[in-house]
Amino acid sequence: MSTYETAERMPTGEIDGGDGRPMLSVVITNSDGLEDTLRCIESIVANPPRGSYEIVLVDNRSRVAAIPAVAARFPEVRALLAPRRQGFAHNYNMGIRAARGDYILVLNNDTLVHPGALDHMIDVLRRDPGCGMVGPLLRSADGSPQTVCARPLLSPLRYVWVGLVADLGLATGRALDRVAQRRLARRPSGPVPCLSGACMMLSREMLGRIGLLDEGYDFYYEDVEWCRRTLDRGYSVGYVAEAEVTHLGDQSLSKVKVWAKRSEYLSALRYFRQYHGLSPAGARLIWLATGLSWLLRGIVFLLAEGLARRPGHARAYLYLWQWVLGAGRAHAEPRESARI
């Protein structure tokens, strides 16, 4: 039985925020993904919460002007333009600061909100004062559950395991993930160690206790750190299985973004130094595992491309491998300012 499903739902007479504020603020960022953003907003408008809400959009200086296109279809959306191209945490914090709702939802622009999802998450936060933040069941476009929505917190050893064995870009990782998907399909709502940054909701009051996203993380791990900080402050992190959101973001690495993979490596080093007191030897292990992972993928893709006789991702991963051997290695060396 779900940890959350037995409590009564929010009374219909208490569906607006205090002092004329909206009950919910949905914060979305757009970075060269206009079509995804329009579909995401459309899903919210089609499946709104019972109470009043607002949508706050932060455009990350997209190459194609997004704000006029959004305003033409959804004039009610409050749109902000980032001062420069910047990381996810900076953009979301910019939107959160502008948000007026009693509850704040951080939502990726490549998501589609299902009917009732927003109300289910708000209901859990309203009736459980010890719950710091919640997230939904995320599904891929084919309907399969994404296990990242209810996952353990990462540790240095788990990072190594994922990079060399359990990553979704590897056959072994996909096999392990199918097992994890079956477990998730049976998992009821309740506390989990970590959610996915694709969709995270918390109350304004809790935001004041936990704080904004850590802007030291450029891309990746900002959601992991937020969950860890919530737990360290004595609050729980809740997975709400009754709330469903489709996450169109590619989980199989059919698209390789070099800058994103570099950022993931650097963010991992920062997080492990911040919360695990990562030693110089541990940092070198992270560096070595990352290099081996990227080299392995580069070789696998190279062989596959040779058989298929068409280009793929081998060049990107071999480039990343060369980068981590050079510039990437320097980041794994001892830095007194980064150690806790």
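These notes go through a few parts of the predicted model in turn.

1. Basis. Residues are numbered from 1 along each chain as its sequence is written, and side-chain values use heavy atoms, without hydrogens or water. The model is predicted: local features need pLDDT of at least 70, side-chain atom pairs count only at pLDDT 80 or more, and totals for chains, interfaces and linings use all residues.

2. Helix 1. Helices (H or I, at least four residues) and strands (E, at least two) are DSSP runs, numbered from the N terminus. Helix 1 covers residues 34–46 and reaches 18 Å from its first C-alpha to its last, close to the expected 18 Å; the expected span is 1.5 Å times one less than the number of residues. Among its buried residues are Leu 34, Leu 38 and Ile 41. Buried means under 20% relative accessible area, exposed over 50%, and partly exposed in between (1.4 Å probe, protein chains only). An α-helix has 3.6 residues a turn, so residues three or four places apart point the same way. The cover over the buried residues of helix 1 includes strand 1, strand 2 and helix 4.

3. Strand 8. Five of the five residues of strand 8 (199–203) are buried, so the strand is largely enclosed by the rest of the structure. Cys 199, Met 201 and Ser 203 lie on one side, with Met 200 and Leu 202 on the other. In a regular strand the side chains alternate between the two faces of the sheet. Strand 8 pairs with strand 4 in the antiparallel sense over five bridges; strands pair if DSSP finds at least two bridges between them. Ser 203 in strand 8 stands opposite Tyr 103.

4. Arg 151. This residue lies in the loop between strand 6 and helix 5. Arg 151 is buried, with a relative accessible area of 17%. Its side chain makes a polar contact of 2.9 Å with the side chain of Asp 223. A polar contact is a pair of N or O atoms within 3.5 Å; within protein, one must be able to donate a hydrogen and the other to accept it, and residues adjacent in sequence count only if both atoms are side-chain atoms.

5. Leu 266. This residue is found in helix 9 and is partly exposed, with a relative accessible area of 30%. Leaving aside neighbours within four places in sequence, Leu 266 is in contact (heavy atoms within 4.5 Å) with Trp 323 and His 331. Leu 266 and Trp 287 are 21 residues apart in sequence and 9.6 Å apart in space, C-alpha to C-alpha.
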